[in-house]
Amino acid sequence: MTRALYDVIARRRDVRAEFTGEPVPDEVLLRVLDAAHRAPSVGMSQPWDFVLVRDSATRRTFRDHVAGERDTFAASLPPERRATFDRIKVEGICESSLGVVVTHSQSRGGAHVLGRHAIADAGLYSTVLAIQNLWLAATAEGLGLGWVSFYRESFLRELLGIPADVRPIAWLCLGTVSHLETVPDLERHGWRSRRPLADAIHHDTWQHHPAPPQTEET
Ligand SMILES: Cc1cc2nc3c(=O)[nH]c(=O)nc-3n(C[C@H](O)[C@H](O)[C@H](O)COP(=O)(O)O)c2cc1C
């Protein structure tokens with residue numbers, strides 16, 4: 001059982017190119033959303049909601065917006081990085097089975113959310129944990145999931161009729177896949193590699209760190 005969890009964590013991948021587009025059975029989708037809804041949340045605020053987007057016209061509109069944001073980012077890159085970025089797919093919005101837009105409501109739970117008085121972002125952390133639960137459950141179900149963040153919040157809010165005080169946090173492309181890659185796309189395409197775990201561990205203070213200090217670029 002323990003090994004099964006670690007296995008799912010290791011197999012989880014951000015998926016862009018491997019979607020096959022078949023429908024996800026309702027009971028599977030509900031299990032995955034239930035896993036997300038069981039996430040821990042500050043003061044039990046459960047500040048998340050899930051907008052399931054199946055409509056193809058809506059998805060095409062969002063895909064075109066994302067393509068524009070991809071161009072904006074590409075234009076900011078020096079030539080060598082741009083050549084690498086040009087090979088990387090950043091979304092599978094129309095190829096996936098559906099979009100799951102996860103939103104965050106900072107007002108959920110009222111004015112006195114237990115545990116959030118000093119750290120307002122604790123609400124946001126809770127919503128992100130729901131996303132991670134969703135991602136792992138999807139992996140356990142043999143589905144793929146890809147997080148898209150190349151968009152302007154105001155555009156997505158308007159597209160889906162999300163209230164002004166609710167933030168769209170992620171468009172998740174969810175669906176059936178041919179396979180999951182074993183190496184992250186960004187690593188396979190030479191954009192960036194994973195840091196060794198040892199570089200991330202500090203003992204007692206930030207300074208007690210066996211690895212040499214990293215530069216800001218790394
Ligand atoms: C907050 C967040 C936003 C992300 N946005 C995008 C995105 O817009 N497009 C994309 O292709 N991947 C996106 N990713 C996926 C990361 O690129 C991916 O998680 C990372 O390269 C590690 O690969 P892995 O998830 O397959 O291990 C995002 C991931 C996170 C956590």
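Author: The axes of helix 1 (residues 2-11) and helix 5 (residues 122-140) come within 9 Å and cross at roughly 100°. Axes here are lines fitted to C-alpha atoms, for helices over the stretch in contact, with angles from 0 to 180 degrees between N-to-C directions. Helix 1 is therefore roughly perpendicular to helix 5 (65 to 115 degrees; under 35 counts as roughly parallel, over 145 as roughly antiparallel, the rest as oblique). Helices (H or I, at least four residues) and strands (E, at least two) are DSSP runs, numbered from the N terminus.

The model is predicted: local features need pLDDT of at least 70, side-chain atom pairs count only at pLDDT 80 or more, and totals for chains, interfaces and linings use all residues. Residue numbers start from 1 along each chain as its sequence is written.

On the side of helix 1, Val8, Ile9 and Arg11 take part, and they meet Leu136, Thr139 and Ala140 of helix 5 (in contact means C-beta atoms, placed from the backbone, within 7 Å). These residues divide into four nonpolar, one polar and one charged. Ala, Val, Leu, Ile, Met, Phe, Trp, Tyr, Cys and Pro count as nonpolar, Asp, Glu, Lys and Arg as charged, and the others, Gly among them, as polar.

Thr58, Thr61, Phe62 and His65 of helix 3 meet Phe155, Leu156 and Leu159 of helix 6. By class, this contact has four nonpolar, three polar and no charged residues.

Both pairs belong to a protein chain with eight helices and four strands, which run α-α-β-α-α-β-α-β-α-β-α-α from the N terminus on. Among its contacts between residues at least 6 apart in sequence, 85% join residues at least 24 apart. Its C-alpha trace spans about 50 × 45 × 40 Å along the principal axes.

Of the 218 residues, 26% count as buried (20 or more other C-beta atoms, placed from the backbone, within 10 Å of a residue's own; 12 or fewer is exposed, in between is partly exposed). Met44, in the loop between helix 2 (26-37) and strand 1 (48-53), counts as exposed because it has 12 C-beta neighbours inside 10 Å. Its phi is near 55°, a positive value in a residue other than glycine.

Finally, there is a ligand. Strand 3 (residues 143-148) gives the largest share of the shell around the ligand, three residues. Among the residues around the ligand are Arg13, Asp14, Gly146, Trp147 and Val148 (near means a C-beta atom, placed from the backbone, within 6 Å). The shell has six nonpolar, two polar and four charged residues.

Terms used. Two residues are in contact if their C-beta atoms, placed from the backbone, lie within 7 Å.
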